[in-house]
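Here's a quick tour for someone meeting this structure for the first time. Have a look at it below, then read on.

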Amino acid sequence: MLTTSITNVYTHALDSRWSYNISCSFQSVSYVEAVEQVDDRYYLDGAVGLSYRESSLMTYTGRVSYRRELREYGNDTDLVTATVGFQRSLDPFSSCGMRVGVSARFFSDETIASPYVNLSYRR
């Protein structure tokens, strides 16, 4: 299996508290074995985010992302996710955060909406 990933992110500070970011990426998964070769996949991603830095300890975020999944076998799908969240510094070396939102997956003639929750601890 060969996996390729290219990601670009642009971040711009509007002032000392507000900033935004724009990202785009391309990923591919290619199988080299003859049996799985029909299941190669390609992913195109784009996202826009807005951040508000309340203090040196707390930052609030909002983000909307889009993913196009292209498959050689099966259904191509579109995924849209919208989230809001926070990131809080705990000490000079660690932080915690949470993002919540909703994801909607579109494929064939069907739409599936589901909740999105992401909890993080970084050290």
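Start with Val-102, whose bridge partner in strand β7 is Pro-115. Strands here are DSSP runs of E, at least two residues long, numbered from the N terminus, and two of them pair if DSSP finds at least two bridges between them. β6 and β7 form a hairpin with two residues between them, and Ser-108 in the turn has a positive phi of about 50°.

A word on where this comes from: it is a predicted model, in which local features need pLDDT of at least 70 and side-chain atom pairs count only at pLDDT 80 or more, while totals for chains, interfaces and linings use all residues. Residues are numbered from 1 along each chain as its sequence is written, and side-chain values use heavy atoms, with hydrogens and water left out.

Val-84, Met-98, Val-100, Val-117 and Leu-119 make a nonpolar patch of about 450 Å², and β6 and β7 each supply at least two of its residues. (Patch residues have over 30% relative accessible area and no salt bridge, and nonpolar side chains, meaning Val, Leu, Ile, Met, Phe, Trp and Tyr, are joined within 5 Å, while like charges are joined within 9 Å; the areas come from the Shrake-Rupley method with a 1.4 Å probe, and for residues only the protein chains shown count as cover.) Leu-119 sits in strand β7. Is Leu-119 buried or exposed? Leu-119 is exposed, because its relative accessible area is 64%; the cut-offs are under 20% for buried, over 50% for exposed, and partly exposed in between (1.4 Å probe, protein chains only).

Now for the charged side chains. The whole structure has six salt bridges, each one a side-chain nitrogen of Lys or Arg within 4 Å of a carboxyl oxygen of Asp or Glu.

| Pair | N to O distance |
|---|---|
| Asp-45 and Arg-67 | 2.7 Å |
| Glu-69 and Arg-71 | 3.3 Å |
| Asp-91 and Arg-123 | 3.8 Å |

Asp-91 lies in strand β5 (residues 77–91) and Arg-123 in the segment after β7, so their pair ties together parts that are 32 residues apart in sequence. Arg-123 is exposed at 67% relative accessible area, whereas Asp-91 is partly exposed at 31%. Elsewhere, salt bridges that share partners join Arg-68, Asp-76 and Asp-78 into one network. As for Glu-69, it counts as buried because its relative accessibility is 5%, while Arg-71 is partly exposed at 26%.

There are also two aromatic pairs. In one of them, the rings of Trp-18 and Tyr-52 have centres 4.8 Å apart and planes at 50°, so the pair is tilted. This pair links distant parts of the chain, with Trp-18 in strand β2 and Tyr-52 in strand β3, 34 residues apart. (Rings of Phe, Tyr and Trp, using its six-membered ring, pair if their centres lie within 6.5 Å; planes under 30 degrees apart count as stacked, over 60 as edge-to-face and the rest as tilted.)

Finally, how many disulfides are there? A search of the whole structure finds zero, a disulfide being a pair of cysteine sulfur atoms within 2.5 Å. Cys-24 is partly exposed at 41% relative accessibility, and Cys-96 is partly exposed at 23%.

Terms used. Helices (H or I, at least four residues) and strands (E, at least two) are DSSP runs, numbered from the N terminus.
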